[in-house]
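Me: I would like to learn how to read a protein complex step by step, from the fold of a chain to its interface and its salt bridges. Could you take me through one?

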Amino acid sequence: MSEKIVLRRSGAESAVVLSGALGIEDAAPLREALLAALAASPRVAIDAAGVVSIELTCLQVLCAAHRSAVEGGRDLRVEGCSTPEFAASIREAGFPSHQGCRHNTVGSCLWQGGESHETEDLARG
Amino acid sequence: MADERLEKHAKVYVEEARELLAELEESLLELEECPDDMEVVGRVFRAMHTIKGSGAMFGFEEIAAFTHDVETVFDLVRNSKVEVGKGLIDLTLRAVDYIGRLLLAHGGDGFVEEEEGDEIRAGFRALIPREAAVVASATEPAEIAPPGGGGMAGERAPRIALTYRIRFRPRRDIYLTGVAPLRLIEELGGLGLCWHVARLDEIPALDDLDPEGCYTYWDIILVSERDLNAVRDVFVFVEDTSEVTIEIVDEGSMYVEDLDYKRIGEILVERGDVEREEILRLIDERRPIGEILVERGLIERAAVESALLEQRRIKEARKERHEHATAASVRVPADKLDKLVDLVGELVTVQARLTQLALTKLDGDILGVAEMVERLVAELHDTTMGVRMVPIGSMFGSFRRLVRDLADELGKQVRLVTRGAGTELDKNVIDRLHDPLLHLIRNAIDHGIEAPDTRHAVGKPGEGTVTLSASHAGADVLIEIADDGAGIDLEAVRLHAVEKGLLARDARPSPEETRGLLFLPGFSTARRVTGVSGRGVGMDVVKKGIEALRGSIDIESKTGQGTSVTLRLPLTLAIVDGLLVRVGDDAFIFPLSEVLECIELTRGMIEAAHGRNILNVRGEVLPFVMLRDQFALEGARPPIEQVVIVSVHGQRMGFAVDVVVGSYQTVIKTLGKVFRAARGVSGATILGDGSVALILDVERLCRMAEAEEGRNVMAG
């Protein structure tokens with residue numbers, strides 16, 4: 001596992017600390033780390049404060065992890081994703097940074113900290 | 001033919017560019033005061049962009065090339081990569097001047113020194129930071145300004161922007177083919193304004209995820225002037241394997257009846273995100289359809305967000321176009337407008353004849369029609385006059401630059417405050433007002449405002465203020481140029497007048513009379529010649545200019561507190577309120593503004609004066625002129641004549657006429673070349689019966705009478 005992705009496993013809450021520029025080659029290790037973290041503990045915190053940029057494939061992994069967590073009744077959070085760097089990556093990918101996907105049943109999206117550049121109430125018909 | 005058309009376009013371009021330059025100058029001065037105002041920066045950028053873009057289109061290559069570097073720098077300013085400072089403002093103002101000269105030179109008027117252009121360009125290039133040169137060329141879709149702020153229409157007006165709805169669903173293994181999907185979206189951004197929403201509903205749970213597969217697909221809204229093929233070309237390498245649908249959802253037509261756009265449900269159905277039946281089933285619930293769909297898990301939020309985006313962008317674009325269309329103005333050459341005013345003037349006189357005819361014929365039908373025509377003509381007349389009215393603020397702007405440059409040159413600190421910029425005046429008046437105002441402002445800065453040290457010494461702030469204000473006063477407009485400088489040194493004025501031989505050495509004029517000396521030809525207190533003032537133009541020229549506009553000028557001054565010059569001008573030059581009189585068969589018009597009163601002239605009064613043309617009006621002696629003699633008119637004098645008393649420069653004078661008919665609103669016609677030499681007549685007008693009445697130049701007549709009197713005295 002690269003030093004850009006560091007897994008700290010513990011019984012109650014595991015942490016995945018991300019840093020640097022995460023590219024397509026980091027998607028597979030990231031998936032492994034998150035699978036391990038979700039298997040180890042009911043709560044998983046992803047620390048993205050040190051991320052300089054994050055590629056689409058890695059964002060997809062984070063989304064998938066969130067999906068798995070929701071399905072498996074686990075708690076997954078991304079911390080520090082409101083840094084300008086992280087927000088820029090999300091915006092570039094066109095991710096809906098403030099509303100989340102349909103798996104987002106608890107009302108808080110993975111990207112909630114992201115910059116809400118297109119915020120608007122859900123449509124009038 | 002094509003050349004002719006191009007030439008016509010070139011003319012329009014020159015005119016437009018001039019206006020843009022004036023606007024630019026104003027924006028730059030504004031920017032100097034608030035360097036952080038990004039809106040102003042945007043304005044400067046857009047103006048430069050338009051000058052450059054249209055310049056290239058209409059064959060002004062040298063302007064396009066020159067403006068390019070300026071535009072680049074302001075683009076950097078816009079992106080906070082270059083800061084606004086005095087240096088940049090100075091340089092840009094120089095560039096504005098240079099572009100102005102290029103425009104002139106293009107029309108074969110004047111010339112430019114290319115070295116100067118190169119120097120300015122080098123100045124701008126030096127401002128471009130090394131790494132910024134790279135950054136500036138890369139497009140970043142997310143950073144492109146949204147419509148409204150960026151002003152697509154303003155920047156590239158001639159073309160029509162289309163709105164595309166694009167769904168891009170890359171094949172799962174697109175990364176293996178070496179194509180990064182986001183780069184394609186970035187490429188789309190290069191075609192125009194682009195917004196994209198990622199759709200994530202196909203991303204599986206972590207166990208099923210191929211970390212290098214692409215599960216995301218995008219809904220994209222692109223606003224671009226490029227055609228469908230250009231958009232397709234972006235996807236040319238992936239269209240066989242990836243799903244790409246491109247639809248035009250807004251044609252960019254200028255005249256959309258309906259500003260509204262499709263409802264969210266409709267957009268979602270069109271996109272295939274949801275079934276129509278589903279929508280119809282849910283629609284009666286009184287809540288936004290998007291909310292319901294998301295809540296029921298029928299659709300992901302991103303789908304609604306994306307549909308919303310499309311709806312909003314198109315509504316915005318339509319609204320903007322609509323505003324653009326409704327706020328659109330038509331450029332009309334001034335001479336066409338003059339012709340129109342002229343024709344309406346003719347119509348007014350013909351209408352008056354019609355009314356007169358109807359009255360004499362006593363025909364009810366004709367009278368009815370005549371009245372209707374009268375009403376319509378009056379309305380037409382008002383409207384036409386209104387068209388010629390221009391806010392004076394358009395001229396105020398150009399003085400800002402003058403104040404700045406002159407203050408710099410003289411080492412003074414001066415602020416120009418303008419008030420009443422919306423005050424409207426006839427375009428002809430505004431055009432002819434420019435030079436007198438220019439001179440008065442120069443005077444205020446050169447002679448009025450003191451140097452900062454002097455000001456500090458007398459407890460004033462170092463920065464002086466010149467206030468330029470305009471307001472309506474009845475049918476007149478008042479324009480005031482006031483400064484908070486030292487005021488007029490009356491003793492210095494007196495001594496100077498004596499020195500120039502304009503005043504007797506022992507004369508002790510009143511303050512008012514002393515200020516009047518300033519208007520004498522040959523009076524100029526400028527002891528030294530500065531670059532901008534001291535061109536041998538004195539206040540006498542200003543006064544002449546104002547009087548030629550049928551206006552008056554008045555000076556007030558308080559020692560140590562400043563000077564204020566007030567100009568009173570008529571709203572329009574095309575019409576004058578007159579007093580219609582007759583001498584024999586001929587009709588004349590006195591400008592009503594110069595008439596004080598009319599009195600009767602009886603045989604007895606003439607005898608009392610012993611044949612001299614002098615009247616006793618309430619104990620005051622008043623000289624008068626027989627208009628009949630003045631114009632050598634035939635016919636016998638009636639037993640009782642009328643004397644029209646006028647006031648010129650505070651001096652009263654009478655003119656004896658046969659009959660005073662009454663006040664008459666006169667449309668002024670200039671005299672033809674043949675009559676230009678006629679003295680004592682300033683113009684003519686056509687009366688209701690079709691006959692011509694001459695408009696009297698009262699001032700000239702008075703001067704002629706005085707000269708005559710002088711000759712008589714010498715001879716006698």
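Reply: What follows is a conversation about a predicted model, taken one feature after another.

Me: Let us begin with the fold of chain A: how many helices and strands does chain A have, and which pattern do they follow along the sequence?

Reply: The secondary structure of chain A comes to 3 helices and 4 strands, and when these are read along the sequence they give the pattern β-β-α-β-α-β-α. Of the 125 residues in this chain, 50% count as buried. Among the contacts in chain A with a separation of 6 or more, 70% are made by residues 24 or more positions apart.

Me: A:R43 has come up already; which residue forms a salt bridge with A:R43?

Reply: The partner is A:E13, and the closest N and O atoms of the pair are 3.2 Å apart.

Me: Turning to the interface, how should I describe its size, and how much area do chain A and chain B bury between them?

Reply: The size of an interface is often given as the accessible area lost when the parts come together. Here chain A and chain B bury about 3500 Å² between them, with 57% of it on carbon and sulfur atoms. In terms of residues, 36 of chain A are in contact with 42 of chain B.

Me: How many salt bridges and how many residue pairs in polar contact are there between chain A and chain B?

Reply: Between the two chains the count is 1 salt bridge, formed by B:R183 and A:E92 with their closest N and O atoms 3.7 Å apart. The polar contacts come to 14 residue pairs, counted where both residues have pLDDT 80 or more. On the side of chain A that touches chain B, the elements giving two or more residues are α1 (27-40), α2 (56-71) and α3 (84-93), and of these α2(A) gives the most, with 10 residues. The residues of that side divide into 17 nonpolar, 8 polar and 11 charged.

Me: How do I check the length of a helix, and what span should helix α15 of chain B have?

Reply: One can compare the expected span with the distance between the end C-alpha atoms: at 1.5 Å a residue, the 24 residues of α15 in chain B (364-387) should span 34 Å, and the ends are 35 Å apart, which agrees. As for which way the side chains face, an α-helix has 3.6 residues a turn, so residues three or four places apart point the same way. In α15(B), the buried residues include B:A370, B:V377, B:H381, B:T384 and B:M385.

Me: Within chain B, where do the two partners B:D97 and B:R401 lie?

Reply: B:D97 and B:R401 form a salt bridge whose closest N and O atoms are 2.7 Å apart. The pair links distant parts of the chain, since B:D97 is in helix α4 (residues 86-106) and B:R401 in helix α16 (residues 393-410), 304 residues apart. B:D97 is partly exposed at 31% relative accessible area, whereas B:R401 is buried at 9%.

Me: Which residues of chain B are linked in a network of salt bridges?

Reply: The network joins B:R165, B:R167, B:R199, B:D219, B:E247, B:E270, B:R271, B:D273, B:E300 and B:E310. Over all chains the count comes to 53 salt bridges.

How values were computed. Residues numbered from 1 in each chain as written. Chains lettered and ligands numbered in written order. Heavy atoms only, no water. Contact = heavy atoms within 4.5 Å. Buried area = accessible area lost by both parts, 1.4 Å probe. Salt bridge = Lys/Arg side-chain N within 4 Å of Asp/Glu carboxyl O. Polar contact = N/O pair within 3.5 Å; in protein donor to acceptor, adjacent residues only side chain to side chain. Nonpolar A, V, L, I, M, F, W, Y, C, P; charged D, E, K, R; others polar. Expected span 1.5 Å × (residues − 1). Buried < 20%, exposed > 50% of the residue type's maximum accessible area, 1.4 Å probe, protein only.
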